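Please examine the sequence and the three-dimensional structure shown here. The paragraphs that follow lead from the overall fold to individual helices and then to local backbone geometry.

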Amino acid sequence: MARPLDIVFLFYFASHIPITIFVDSQALLPSWLYPHQLRDLMTWYCAEFKDPMMAAPPTWFKTFVMSELTLQFPFFFVASYAFWKGVQQCRWIRIPLIVYSSHVATTTVAICYHVLMHDFSGVKPPGPETFSERRTLFFVYFPYLLVPIMLLMDSLFSSVYRTKVKSS
């Protein structure tokens, strides 16, 4: 039986696949690659949540998206498989999870700090100006900080990755 936390991790990785393809990649790839419904979704999101990083991505943000597309995206499939099968059966996933979660937590800390502390006045398209707008955008990114930290702590300290599974 899978641990409840493994179900959370499976959902995180499996849901990240379509999010990366249909949403996050729009910050880097040409718009003609996407149907107008996905471009409209991005336009709505950027206006609703005042996310200038996705609307007009700065170079530093593009490097994070490039990393997501080239390094993280293939790993989403590997991690989804491991959590689907059960980490008790796939203990080999521990070190890749440590690398992945450390990397993602580090990049997301930079994004969250930018959201909370950057002066967005005069930025086109407009970014969050009030504390409420900053908090809202922060909470859009926060799960992508929280889950990797949980994943890192679990990978480092859970005995499930070190305990031998008895063969029947």
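What pattern does the protein chain follow when read along the sequence? The pattern is α-α-α-α-α-α-α, and the secondary structure accordingly comprises seven helices and zero strands. The model is a predicted one. Along its principal axes, the C-alpha trace of the protein chain spans about 65 × 35 × 25 Å. Of the 168 residues in the protein chain, 40% are buried. Among contacts between residues at least 6 apart in sequence, 73% join residues at least 24 apart.

The first helix to consider is α1, which covers residues 4–22 and contains 19 residues. From its first C-alpha to its last, α1 reaches 28 Å, close to the 27 Å expected at 1.5 Å a residue.

Two packed helices are described by the angle between their axes and the distance between the axes. For α6 (residues 131–141) and α7, the axes come within 4 Å and cross at roughly 40°. On the α6 side the contact is made by F139, V140 and Y141, and on the α7 side by P143, Y144 and L145. The residues of this contact divide into six nonpolar, no polar and no charged.

Most residues other than glycine have a negative phi, and most peptide bonds are trans. K50 has a positive phi of about 50° although it is not a glycine. K50 is found in the loop between α2 (36–49) and α3 (52–55). Is K50 buried or partly exposed? K50 counts as partly exposed because its relative accessibility is 24%, and buried would require a value under 20%.

The other feature concerns a peptide bond. K124 and P125 are joined by a cis peptide bond, for which omega is about -10°. P125 is placed in the loop between α5 and α6.

Note on methods: Residues numbered from 1 in each chain as written. Predicted model: local features only at pLDDT ≥ 70, side-chain atom pairs only at ≥ 80, totals over all residues. Heavy atoms only, no water. Helix = DSSP H or I, 4+ residues; strand = E, 2+ residues; numbered from the N terminus. Expected span 1.5 Å × (residues − 1). Axes fitted to C-alpha atoms, helices over the stretch in contact; angles between N-to-C directions. Contact = heavy atoms within 4.5 Å. Nonpolar A, V, L, I, M, F, W, Y, C, P; charged D, E, K, R; others polar. Buried < 20%, exposed > 50% of the residue type's maximum accessible area, 1.4 Å probe, protein only.
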